[in-house]
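Here are my notes on the model you sent. Please read them with the structure open beside you.

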Amino acid sequence: MHSKIEHMLRYTGANLASTVVDYTVYLTLTHLFGIPVLQSIFGYSAAVIVNYGLIKKFVFVEDMSHKSEHRLLMEFVGTGLIGLFITA
């Protein structure tokens with residue numbers, strides 16, 4: 001049970017960190033350049049990259065699937081693009 005809680009906390013931490021990146025990039029670029037829709041795309045994209053790195057390094061440390069690294073990245077980016085379109 002302890003490892004499941006630790007896993008959940010790491011996952012939550014990675015998502016919170018990527019949310020901070022998203023809003024920081026979005027608010028900074030919007031303040032500097034305006035165009036909120038375009039800046040939300042940049043912020044969300046930066047957050048997806050950070051989230052993938054954090055999830056890969058701290059959450060799913062052991063590879064629990066037999067998928068290649070490329071396929072895992074493409075699936076992650078694919079679901080991120082869906083979120084990007086919803087955000088924009």
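1. Is Val-48 buried or exposed? Val-48 counts as buried, at 16% relative accessibility. Buried means under 20% relative accessible area, exposed over 50%, and partly exposed in between (1.4 Å probe, protein chains only). Val-48 lies in helix H2. Leaving aside neighbours within four places in sequence, Val-48 is in contact with Phe-76 and Gly-80. Contact means heavy atoms within 4.5 Å. The C-alpha atoms of Val-48 and Gly-80 are separated by 6.4 Å, although the two are 32 residues apart along the chain.

2. A word on the basis. This is a predicted model, in which local features need pLDDT of at least 70, side-chain atom pairs count only at pLDDT 80 or more, and totals for chains, interfaces and linings use all residues. Residues are numbered from 1 along each chain as its sequence is written, and side-chain values use heavy atoms, with hydrogens and water left out.

3. The overall layout comes next. The protein chain has three helices and zero strands. Its pattern along the sequence is α-α-α. Helices (H or I, at least four residues) and strands (E, at least two) are DSSP runs, numbered from the N terminus. The C-alpha trace spans about 45 × 25 × 20 Å along its principal axes. Of contacts between residues at least 6 apart in sequence, 61% join residues at least 24 apart.

4. Now burial and surface. Buried residues make up 18% of the 88 residues in the protein chain. The chain exposes about 6500 Å², and carbon and sulfur atoms supply 73% of that area. Accessible areas come from the Shrake-Rupley method with a 1.4 Å probe; for residues, only the protein chains shown count as cover.

5. Look at the buried side of H2. Its buried residues include Gly-43, Ala-47, Asn-51 and Ile-55. The buried residues of H2 pack against helix H1 (2–33) and H3. Gln-39 is in helix H2 (residues 36–59). Gln-39 counts as buried because its relative accessibility is 4%. Not counting residues up to four places away in sequence, Gln-39 touches Tyr-26, Leu-29, Thr-30, Phe-33 and Gly-34.

6. How many salt bridges does the structure hold? There are two. A salt bridge is a side-chain nitrogen of Lys or Arg within 4 Å of a carboxyl oxygen of Asp or Glu. Arg-10 pairs with Glu-6, the closest N and O atoms being 2.6 Å apart. Both lie in helix H1, four residues apart, about one turn of the helix. Glu-75 pairs with Arg-71 at 2.9 Å between the closest N and O atoms. Those two lie in helix H3, again four residues apart. Arg-71 is partly exposed, with a relative accessible area of 46%.

7. Met-74, Val-77, Leu-81 and Phe-85 form a nonpolar surface patch, with about 380 Å² of accessible area together. Patches are made of residues with over 30% relative accessible area and no salt bridge: like charges are joined within 9 Å, nonpolar side chains (Val, Leu, Ile, Met, Phe, Trp, Tyr) within 5 Å. Met-74 lies in helix H3 (residues 69–87). Met-74 is partly exposed, because its relative accessible area is 41%. Thr-79 also lies in helix H3. Thr-79 counts as exposed, at 52% relative accessibility.
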